[in-house]
Amino acid sequence: MALWLMEFALHTSSFICGIVTAALVANVQARNQGMCLLYGALHYNSSVQFVSVTSPSDPALCRFVTAISGSVAVFSLLQLLCCVCACCVDKGLRGCPCGILTGVMCELLVFFLLITGCILKIGRDTLCRSLPQTHFNRCEDAQNVHWTIPNSGYQFYSHLHSAEICVWVSLCCLLVAGLLACVQQGRGSTLGPAETTPILGLGPSETTPVLGLGPGQSSGSACGHTWTDYLGEFYDGYDV
């Protein structure tokens, strides 16, 4: 049951973080009329005190981040459904049903999440470096000034920073979940028919027949003697 709870918690956290990351990045992009701020540049007009986006990056970059986060959320949701089914069938005694495919998918998503986290981290830092240090001590200070597009700068830094944190949390959760899936698969493949316990708790070594006879011995060859040996000994004693 502990294994089931661990896997359920990992996939739940990954699902929530995937949804949050996709929603935050999509929100920032939508507020800027579809422009992607990652790796972009901002310009501050001190005379009118307005911030404008001078060179946004390709919108496909933000869509890539959203797509990876959404894929993580969908995969984690499917795993959660499998965990719930396992709990209903065997009360979670064997953990969530998994196989080598689950482990491979987890590690593949971990790879893409690593790329996504780097995109969010480096892209946000590049955007913040474009702001003049004389007017903004911190990047989040740009959230409190007016932008040329109304409400486009609302919580842009907080959203991108929170999205990055969620990506790293999802990465850690899927990494552990993938390792658990591989361990379970390896443990299940090492169990052969001889290691299973039959009904009534009798193993292969506990099925010795009556009179101590092995599987290759008949009732007439008990203790290594046949009935012919007994008859020979009887007649020898009689002749004496």
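Visitor: How many helices and strands does the protein have, and in what order do the elements run from the N terminus on?
Guide: This is a predicted model, in which local features need pLDDT of at least 70, side-chain atom pairs count only at pLDDT 80 or more, and totals for chains, interfaces and linings use all residues. Residues are numbered from 1 along each chain as its sequence is written, and side-chain values use heavy atoms, with hydrogens and water left out. Taking helices (H or I, at least four residues) and strands (E, at least two) as DSSP runs numbered from the N terminus, the protein has 5 helices and 3 strands. From the N terminus on, these elements run α-β-β-α-α-β-α-α.

Visitor: In what order do the strands form the open sheet, and which are the edge strands?
Guide: Two strands pair if DSSP finds at least two bridges between them. β1 and β2 run antiparallel and are joined by 6 bridges, with Cys-36 opposite Ser-57 of β2 and Tyr-44 partnered by Val-51 of β2. β2 and β3 pair in the parallel sense over 2 bridges, and Val-51 has Trp-147 as its bridge partner in β3. The pairing is therefore mixed under the rule of at least two bridges, the order is β1-β2-β3, and the edge strands, each pairing on one side only, are β1 and β3 (146-147).

Visitor: Which residue in the hairpin of β1 and β2 takes a positive phi?
Guide: The hairpin has 4 residues between its strands, and the residue asked for is placed in the loop between β1 and β2. Its phi is near 55°, a positive value in a residue other than glycine, and the residue is Gln-49.

Visitor: Is Tyr-39 buried, partly exposed or exposed?
Guide: Tyr-39 lies in strand β1 and has a positive phi of about 65° although it is not a glycine. Buried means under 20% relative accessible area and exposed over 50%, with partly exposed in between, for a 1.4 Å probe and protein chains only. Because its relative accessible area is 35%, Tyr-39 is partly exposed.

Visitor: Leaving aside its neighbours within four places in sequence, which residues is Leu-113 in contact with?
Guide: Contact means heavy atoms within 4.5 Å. With neighbours within four places in sequence left aside, the contacts of Leu-113 are Ile-68, Val-72, Val-167, Ser-170, Leu-171 and Leu-174.

Visitor: Which element gives the most to the lining of the largest cavity?
Guide: On a 1 Å grid over the protein atoms alone, a cavity is a set of points where a 1.4 Å probe fits but cannot get out, and lining residues have an atom within 4 Å of a point. A search of the whole structure finds 1 cavity of 30 Å³ or more, and the lining of the largest cavity includes Val-25, Gln-29, Leu-38 and Cys-62. α1 and β1 each supply at least two residues of this lining, and the most, 3 residues, comes from α1.

Key: On a 1 Å grid over the protein atoms alone, a cavity is a set of points where a 1.4 Å probe fits but cannot get out, and a pocket is an open set with protein on both sides within 12 Å along at least five of seven lines; lining residues have an atom within 4 Å of a point. Grid points are joined across faces, edges and corners, and a volume is the space filled by probe spheres set on the points.
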